[in-house]
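Please keep the sequence and the structure at hand while reading.

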Amino acid sequence: MGNLDDSGITSTPDCSSNFGNTAEVIEQNRYDLEQHQKKFAAPAYTEIRTRKNGLKANIMAMNSNSFKNTSKNLHVSNGITTSHEYDSPGRLSVADGKLSPAEEHFQKTSFEEVPLHTACLTYLGFYLLMILGYINQLLFVPKVAKEKYRDGYVALYDAFESFYSRYVYRRVRDCWNRPISSVPGAELTLKDRVTHDYGWSFEFTGTETRCLNLGSYNYLGFAAATGPCADAAEKNCHDMGLALCSSRTELGTTTLHKDLEELTARYLGVEDAIVFGMGFATNSLNLPSLLSPGCLVLSDEKNHASIILGLRLSGATTKVFKHNNMKDLERVLRSNIVNGNPKMGGKPWKKILIIVEGVFSMEGSIVRLPEIIALKKKYKAYLYLDEAHSIGAMGPNGRGATDYFKANAKDVDILMGTFTKSFGSAGGYIAGTKKLIDFLRTNSHAHCYAATMSPPVAQQIFTSMRIIMGLDGSDTGRRKIRQLARNTRYFRKRLAQMGVITYGHEDSPVVPMLVYLFSKIGAVVRTLTTRHIAVVGVGFPATPIMEGRIRYCLSAAHTKEQLDYALSVIDEISDNLGLKYSRKPLDPNPIEY
């Protein structure tokens, strides 16, 4: 694994930006300060307060003099920033020398609190659903819900999970698991289906609906049935077939797999890389190879299920810190280093690993990488960065969070990512030092026992990565990266102008829009479908009860006209369903694309 030293951060975020109106910015900052200083005693806010990213103390420490000083030093410009290659204006950044990484993070990340009356209604509505579900289960149990030939058997499924899926989730089941019959490009085709028994079963109608796709992770638009990637994958199918029917350590390695690993390492700026056939397994089956009982892991509370499963399988001691909260991370890190391993009488841990994601898929937030690198160097811990959603989608070169923050990729000991999003394919990778990768080639279960990556899948990745890097002789990759960044900022600013609450960082292509109430998730998804817009609804247990949301995923394949249509429909639905919960002052000026 990578070498550790005592040096601090060698580079800081270069995200400089400019203001359109100094007075509006100062007013916004004052408003944000007031909102963060409010004290909410209601239990409904307990889980919300933990999401403030450790910045509450920092913000309260910013007195009015800090705002006065900021207003004196503001540089107003109407041009496009030079430090970011995203062709869009923003606010002051670390690059200006006026903001710390924490202050910049606060300015560009939003986790607005839910209004109290909405919180009460959300809990009331959810518990009402539960009560009705129990009554339904007691009085009306359809035949489809009864298992046959199970007399004398203990229950195979957990009682609550079974109840929840049958009597709560079933009410909105038509909003999930919807089959499609096309590539998930800027548009997709939904197969229409109906239910005649209130969601217990479905049948296809034989018709299809063409929809604008705002739900797939097709960040750079490579999920297409035509073009150089599709052509290369098709040719590869004829040349090498669809599968190798073997693991990598036996007869499953081809020159294409080796070329892809070399290209991945070059793309990321590290010594070596190894690829796997499944993104989920890249975390869940490799973490047990790197960790064992006696190791300590510091894991962000919003980390993906694949990370959680991998940590459970490893047997390592896992300590969870508050989402993107650097103060809490350092507190947990320092405390466990001082106290040592309690199972071994306080002896030192075998190794300490910090695990975070580049872009958090449910929150839309971006890791505070420079601060985490500083902490990992300070306490001599290793850093594991999951770039599943950030690789290809973040940074002027599409190299993920390290590229976005202008950080040295070698400061991250283990770089992990998937090919299922920006590359329009499947599988994942781990990259780092040659010593690390050689170790995984010998000890990784995903490498030694799992089926190897399919040749046409590897070809799709190889071709799309070359395009992103510009090795195809064109600037298509760079234009896609810029288009995604432009679409992201435009879409987020327009949503904020409507008055809806969105979570996450202004540069994140994952855009969660909070609807809170369980019933509103279904209402929004169904209504948007009738208007030919396909989105993803997310609710409990994937999110806390209080935070039901619609998650939009933007793509470089989206045009301004498509986004404008979607935004106009979302605005209309938000008025009709009462989704404009935001109490922030709205920007009256037109949003430039």
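This is a predicted model: local features need pLDDT of at least 70, side-chain atom pairs count only at pLDDT 80 or more; totals for chains, interfaces and linings use all residues.

Helix α18 is mostly covered, with 12 of its 15 residues buried. Among these buried residues are Pro455 and Pro456, as well as Phe462, Met465, Ile467 and Ile468. The buried residues of α18 pack against α8 (228-240), α9 (255-268) and α19. After α18 comes glycine 470, whose phi is positive, near 80°.

Helix α19 (residues 476-498), one of the packing partners of α18, can be checked in the same manner: its 23 residues should span 33 Å at 1.5 Å a residue, and its end C-alpha atoms are 33 Å apart, which agrees. Here the residue that follows the helix is glycine 499, with a positive phi near 105°. Arginine 486 lies over the face of tyrosine 593, at 6.0 Å from the ring centre.

The aromatic side chains are the next topic. A pair of aromatic rings is described by the distance of the centres and the angle of the planes. The count of aromatic pairs comes to 21, and two of them are set out below.

| Pair | Centre to centre | Angle between planes | Arrangement |
|---|---|---|---|
| Phenylalanine 126 and phenylalanine 540 | 5.5 Å | 75° | edge-to-face |
| Phenylalanine 419 and tyrosine 429 | 5.5 Å | 40° | tilted |

Phenylalanine 126 is buried because its relative accessible area of 6% is under 20%, whereas phenylalanine 540, with a relative accessible area of 27%, is partly exposed. Both residues belong to one aromatic cluster, which also includes Tyr123, Tyr127, Trp200 and Phe518.

In the other pair, phenylalanine 419 lies in the loop between β9 (414-418) and β10 (428-432) and tyrosine 429 in strand β10, so the pair ties together parts that are 10 residues apart in sequence. Phenylalanine 419 counts as buried at 0% relative accessibility, and tyrosine 429 is buried with a relative accessible area of 2%.

Elsewhere, the charged end of arginine 193 sits over the ring of phenylalanine 202, 4.3 Å from its centre.

How values were computed
Residues are numbered from 1 along each chain as its sequence is written. Side-chain values use heavy atoms; hydrogens and water are left out. Rings of Phe, Tyr and Trp (its six-membered ring) pair if their centres lie within 6.5 Å; planes under 30 degrees apart count as stacked, over 60 as edge-to-face and the rest as tilted. Buried means under 20% relative accessible area, exposed over 50%, partly exposed in between (1.4 Å probe, protein chains only). Helices (H or I, at least four residues) and strands (E, at least two) are DSSP runs, numbered from the N terminus. A charge sits over a ring if NZ of Lys or CZ of Arg is within 6 Å of the ring centre and within 35 degrees of the ring normal. The expected span of a helix is 1.5 Å times one less than its number of residues. Contact means heavy atoms within 4.5 Å.
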